[in-house]
Amino acid sequence: LLDGVYPFYPQQRKAAAFDISTVIVIVVFLALACSFLLILPGIRGRARLYWSLRVLLSLFVGVVIVVVQFTGDWESGWVQANTSYKSFSRVWVNADIGLHIGLAGLNVTLRGNPVRQINETIDYNEHFPWSFGEDYDRSYSEGLHKGLPSPILYVAEKFSTQSPCAVHGQYRIAGHYASATLWVAFCTWVISNILFSMPVLVYGGYMLLVTGAFMIFSLLSFSTVRNSPMCLIHIGTATLHVAYGGSFWLMLAIGLLCFVAGTTIVAMHHLNLDLLRAFFGLREDKAEEFQEMPEVFTSLHLVTQGP
């Protein structure tokens, strides 16, 4: 070691606390929420509560649809094991190894237990992308050249194109179609908000149902990776297992919420239209402006007969 660092390798990277893309999306939606909340004092009565509830729920659905595109916990797993730390070294460390799989790639986390061991801070979080336009094997080769710890390279090698596990293509295709389906859900979410503001309430409810359907389709697309058996990841004497993570279950909950909200709006349109208009803050005169003009039937005989 040279000043606590292996002389043939660069300084070890620190674990990232947040993904930059996720932070940007959250900040944008928080700015929208704050701008909408600024006009709340100008709304009087019970309409203020209804308006704030509609806006906040709608923004929450939108931010979830976009944020899960960049999160890395659609599948995740942790294991604690005693393992070798570097290649060509007999040094063993006790560490927590985490695997976090997202739509665009995976993150492998290595955290020492304790963090400070063998005169080094063991705290890594390495990303290996597999989205279209990215080269997973190149990222893995760069990790080899940088001298990443052996547990990270061992886990990342299981998902390479040369691995006998043969799961790279399945995760790449499943993540690609799940991401594309979520972008379609985001578009239908935007259309539903436009229809609610026009206001065409029942059609907005239909678009919410379509939004929830595309969210469920994205989950079904990602879950196709479970159709083939996953290679066991043995680290020391322990085995790393992965299960559906927070992003997967959050997307399922939001999809069901869209189904419930859309079904409620459609049902209220047919059962209690006045209550639905009150919830969306529509006055009677304003609502009548958007109603379809009644059909007029004229007798041709009366028109031709004249006075």
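Leaving aside its neighbours within four places in sequence, which residues is F159 in contact with?

## Around F159

F159 is in contact with L99, I101, L106, W130, Y136, V167, H168, Y171, M230 and I233, once its neighbours within four places in sequence are set aside. Contact here means heavy atoms within 4.5 Å.

Helices are DSSP runs of H or I with at least four residues, numbered from the N terminus. H168 is buried because its relative accessible area is 9%; buried means under 20%, exposed over 50%, and partly exposed in between, using a 1.4 Å probe and protein chains only. Beyond four places in sequence, H168 is in contact with W130, Y136, F159, S160 and T161.

## How to read this model

This is a predicted model, in which local features need pLDDT of at least 70, side-chain atom pairs count only at pLDDT 80 or more, and totals for chains, interfaces and linings use all residues.

## The nonpolar core

Let's look inside. The largest nonpolar core has 65 residues, and W74, L99, L106 and F159 are those with the most contacts inside it. Helix α2 (residues 47-67) gives the most to this core, with nine residues. Such a core is a set of buried Ala, Val, Leu, Ile, Met, Phe, Trp, Tyr and Cys residues joined through side-chain atoms within 4.5 Å.

## Aromatic rings

The structure holds 16 aromatic pairs. Rings of Phe, Tyr and Trp (its six-membered ring) pair if their centres lie within 6.5 Å; planes under 30 degrees apart count as stacked, over 60 as edge-to-face and the rest as tilted. F29 and W189 make a tilted pair because their ring centres are 6.4 Å apart and their planes lie at 50°. This pair links distant parts of the chain, with F29 in helix α1 and W189 in helix α5, 160 residues apart. Both F29 and W189 are buried.

Y203 and Y206 form an edge-to-face pair, 6.1 Å centre to centre with 65° between the planes. Both lie in helix α6 (residues 201-222), three residues apart, about one turn of the helix. Y203 counts as partly exposed because its relative accessibility is 46%, and Y206 counts as partly exposed at 37%.

Technical notes: Residues numbered from 1 in each chain as written. Heavy atoms only, no water. Helix = DSSP H or I, 4+ residues; strand = E, 2+ residues; numbered from the N terminus.
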